[in-house]
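The structure is shown first, and the computed values follow.

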Amino acid sequence: MFRRLLIANRGEIAIRVARTAREMGIRTIGVYSEADRSALHRRAMDETLLIGSALPADSYLHIEHVLEAARVARADAIHPGYGFLSENPAFARRCAEAGLVFVGPPPDAMALSGDKIAARKTMAGEGVPVTRGVDRPLRTVNDARTIASEIGYPVLFKATAGGGGIGMSRVDRPAELAAAFESARGVALANFGNADLFLEKYLRRARHVEVQVLLDSADGVGFVERECSVQRRHQKLVEETPSPAVERSLRARLIETAVRGLRAIGYRNAGTVEFLLHDGRFTFNEVNARLQVEHPITEMVTGVDLVRQQIRIAAGDDLEISQSELRRHGHAIECRVNAEDPIRNFLPSPGRIVGYREPTGPGVRVDSGVAAGSLVPPYYDPLMAKLVVHATNRKKAIEVMRRSIDAFEIRGVHTNLPFHRALLGKSVFVRGNLWTTMVADLRIAARLRSRGPWEERVAAIAAALVASGRVARGPTFPLERPSVARWSLAGRRERLSGGGHAVSPRRRW
Amino acid sequence: MTRSAFGGSMVGDERVDELRRRKAQAREGGGKDRIQAQHKKGKLTARERLDLLLDPGSFVETDAFVEHRTTDFGMDAKRIPGDGVVTGHGTIDGRTVFVFSQDFTVFGGSLGEMHANKIVKIMDTAMKVGAPVIGLNDSGGARIQEGVISLGGYAEIFFRNVLASGVIPQISAILGPCAGGAVYSPAMTDFIIMAKGTSNMFITGPEVIKAVTGEDVTFEDLGGATAHAAKSGVAHFAAPDEKAALRFVRKLLSYLPSNNVDDPPIVATDDEASRSDAELSQVVPKESDKPYDMRDVIRHVVDRDSWFEVHEEWAQNIVIGFARLEGRPVGVVGNQPKVQAGTLDINASIKAARFVRFCDCFNIPLLTFVDVPGFLPGKEQEYDGIIRNGAKLLFAFSEATVPKVTVITRKAYGGAYDVMCSKHIRGDFNFAWPSAELAVMGPEGAVPIIFKKEIEEAKDSRRREKELVTEYRDRFANPYIAARMGYLDDVIEPSETRPRVIDAFSVLRTKRESRPAKKHGNIPL
Amino acid sequence: MRFRLDVDGEQRDIEVQPIAGGFVIRIECAEYRARTRLAMDYVDVRIGAKTQRLHLQGNEAFLHDGIHRVRLVEVSEEGADVIESRPSGPGAIVDVRSSMPGRVVRVAITPGAHVRRGETLVVLEAMKMQNEIPAPGDGVVRQVAVSEGETVTADRVVASIELRGPSAS
């Protein structure tokens, strides 16, 4: 087992990984940028090293700096968290070269997962259902046009090197195709350095369902599926497990397919296979070759510590559970709490948190990267904390989540909690009727009027101040009268003496 | 309607009824029509202004029944109680202040004998009790019908402005016309606040100018708020409107003591004294010739939200204003590198010198930030007397015996180094950042002089000069030579400026320093 | 009316518009309709279905379930119909001058360019410093009077701007 683990990430995930590592008796080493000098995750580690200036490219994404930190701290292994370098095969290879164990999949399997076309092709080869589309890069716009008319509109352009929903472009009509093709190529090149696109049928009102898998050298375990359909601009906001749309036999097939698919690409450690559920059928979407943000909901319903298993597998130990032993209890939901303003189109809201109080209670878990006084810098993801609840069934879980959202107090920055409050009140959500474009389709954010009880209180105070005429006079100052020390008073008298006090000059009346 | 602080009693007595009737009449000023005309111009009445200026219900009026004594020109038929000015006292944030508010609805707010007497009375009382005087000016000028007597009235006011100067704070808000001789009273007060669009000040008005020189100019352009805030420097503040102007007065007062024996009041803050600020290390650019805004430095050092700039639009190459440290007011002076390279010129010297002397009058400590490459060169400056005027700032800093703390952020060259509250003119604590360069002049200026021969004799003169400039910069453009001599008390990290400065002022709180006895110095004017 | 309000350390920019019986309170694009009733010592405020009674005293606001530290940081009121008579209104052409002698190191504008108040027009090197000469108001560049590398005297016109909006004289 490792003695010293470097966690190459920040915020809530760094703290969460460190928690498990500590439980396993492993010494935790963290990294931070200039902007994260007073970040909470530094306090969760046994030691931390400065790895660069605020910009990610200069710190958390800078391979040299991270490896240097690992060398200086004499780490045995590196856990990359999610995002940043977690799906960077070059980084995984450099770790290996440096004699560091990378807690994640082998570089080749990672690279294959990251090449969307290759991944699709391999899965199809394994008999995994894939969405109608092509398994090669599109050559020209005419090529795209031909294929699109074969598949039938609407179609979706996807970047082969892409991820996070970037570079995906939906086309409803042939007339729009040429422009969408060019623009998607441009976005792909700018973001991933690779302009290659492929095409798939766009599935209307599909559901995003994914399966968590753990693979060691011998065995593989697939977990009950997660539903992640509540998204905005392809970023997940709310996830839950199990999916309200999946019944037992479908579940079994999803799990079996996911494990088989990952095995086929030589995958090890934790990974997730994403599917699209459409008309009762599922098709492969992509592989996420990392631990995911929403992993806690799986942990809550199965009692398995996924990070612990990751570390074990990386160290060459076995999985501590087997497929047959795995049980699912109850229902779990996660809401991602971001520093964004849902009333202003989710405008990022960096700043300082002046008040912070987490909800607690049975079945409530908060993985947070911030506390009172924390700075939310503008350079990184706006995710501050994950609010996860667990209950015996979905209805109860929704109740617990609603109560927890109301009890979650974060002041000083705007949060998307009002959005979550509104979403959980929507009848479609309560009925379990979810689809990937529901947030935009239902205009949930656009309909928000209030940022919550705290701001309503501020508005009431403001109204009272104006009504009572206080504002017209401007700020009032609570003046305290200082006492002047005798010493300086004596000096003052010295300087002022030489004049009498103002004698009343001659006056006319 | 001004609510009086005191109610009444004894219903039913005829004489009390008569009193109430007279009081009500006095409150009407020039009558409803004139009040409406005032509002139409975007102006408030004299009493409405007092209501906004003072704490609610604190105003106590005096001399409401004073009337003029003139009989000439049919004036005996027109007697209006109050005689065009509302006077009395009230509180601002709980502290007593004396006020006069000229009433434009009565005789155009013109100043006659009794009008002046009312003002003089509250000034005398303010001097007796040691409280500030605030004047709300809105007047057509001297009451011509009273002839020379009104000039006498003005003079009585002027004399008291001078007696009170440096004893109690005097603040003038110009909320209407203020012309001719009348301008001298505000001019001698400590601060002038004008309201944009509805106020103006000038010695000779547009009509006379047109008649004498043929020049066409509007009231606003000649003597409006912006003209005086940005061009002449007569106005310290130009508020967007009257209500804002009155808010300015309240805010300004919160930094000032009531008189020259008291310390300025404290406004508690939750901004910690020990707050170290990493951003300060980023403010000064690494390249010596790149500008930055000195106010960014100031705002990071002083208590959050306490910065209150004075004379913002005039002589922008120097920045002055009030701020608080640990809740205690300080006067801040700083060169502004992003305007005119932060050089000192005539206007900047005058602007800062008066401010320094005001702070010295009223026990307000001085915090000076220095980044000055020298005085602005040029024939114009020389002919206009940069020598005389630059000396004003040097005189003011030297004369001041309030606690003085100086922080050199970058350049401090030549005579300007001495002027900006250096150790030699009795700065109490002088600090410099590692980026500071204290020198007689910059490397590019010094090298051609010192190494003239060597450069001329070198094979590649240009290259040799460049090398020498680099050497000179490395050797001399730093704070350590001055530090070695004790001209600096310490070289500090920028992020630690706030704690160090607060510590310095805290120690200096009981400072006691004197100057040789004299009637008063002869500051070059 | 606009002001900045600090409640328990959290600051918000507030915009207030009077309506019948109360105010519309705008806080960074969120709107709250508040009905107010003013009494001697307190104010009743109704927002939505909820009514609260507030006592304002000094720098504190007392509500039924707590006390809040309240501080007005800055207040500004929209000036009502203030007539500003200046020749440098819209349409006027203003000469922008250098305030000191120096060498032009960068000309940031071309004729016809739209500029905003405060935007850099020309950068001058003088006193071993780079000085940015800003546009006095929003407008369009009508003439650029200097070129890079040129040495200028103090008071030399560097550009002419036709103003579209209010400017600092």
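## Chain C against chain A

Between chain C and chain A there are 4 salt bridges, a salt bridge being a side-chain nitrogen of Lys or Arg within 4 Å of a carboxyl oxygen of Asp or Glu. One of the residue pairs forming a salt bridge is A:Arg457 with C:Asp65, where the closest N and O atoms are 2.7 Å apart. The count of residue pairs in polar contact between chain C and chain A, both at pLDDT 80 or more, is 14. A polar contact is a pair of N or O atoms within 3.5 Å; within protein, one must be able to donate a hydrogen and the other to accept it, and residues adjacent in sequence count only if both atoms are side-chain atoms.

The side of chain C that touches chain A draws at least two residues from each of β1 (2-7), β2 (10-19), β3 (22-27), β4 (30-38), β5 (43-47), β6 (50-57), β7 (60-63) and β8 (66-76) of chain C. Helices (H or I, at least four residues) and strands (E, at least two) are DSSP runs, numbered from the N terminus. The residues on this side of chain C divide into 25 nonpolar, 7 polar and 7 charged. Here Ala, Val, Leu, Ile, Met, Phe, Trp, Tyr, Cys and Pro count as nonpolar, Asp, Glu, Lys and Arg as charged, and the others, Gly among them, as polar. In total, 39 residues of chain C are in contact (heavy atoms within 4.5 Å) with 32 residues of chain A. The area buried between chain C and chain A is about 3100 Å², with 68% from carbon and sulfur atoms; buried area is the accessible area (1.4 Å probe) that two parts lose on being put together, summed over both.

## Model and numbering

This is a predicted model, in which local features need pLDDT of at least 70 and side-chain atom pairs count only at pLDDT 80 or more, while totals for chains, interfaces and linings use all residues; side-chain values use heavy atoms, with hydrogens and water left out. Residues are numbered from 1 along each chain as its sequence is written, and chains are lettered from A and ligands numbered from 1 in the order in which they are written.

## Chain B against chain A

Chain B has 49 residues in contact with 29 residues of chain A. The area buried between chain B and chain A is about 3400 Å², and carbon and sulfur atoms give 57% of that area. B:Asp93, B:Ile266 and B:Arg512 supply 18% of the area that chain B buries against chain A, more than any other three residues.

There are 4 salt bridges between chain B and chain A. A:Arg492 forms a salt bridge with B:Asp263, with the closest N and O atoms 3.0 Å apart. α4(B) gives the most to the side of chain B that touches chain A, with 9 residues. The residues of that side divide into 15 nonpolar, 7 polar and 27 charged.

## Backbone features

A cis peptide bond joins A:Tyr153 and A:Pro154, with omega about 0 degrees. A:Pro154 lies in the loop between α7 (141-151) and β6 (155-159) of chain A. The peptide bond from A:Thr241 to A:Pro242 is cis, with omega near -10 degrees, and A:Pro242 is in the loop between β12 (235-241) and α9 (248-264) of chain A.
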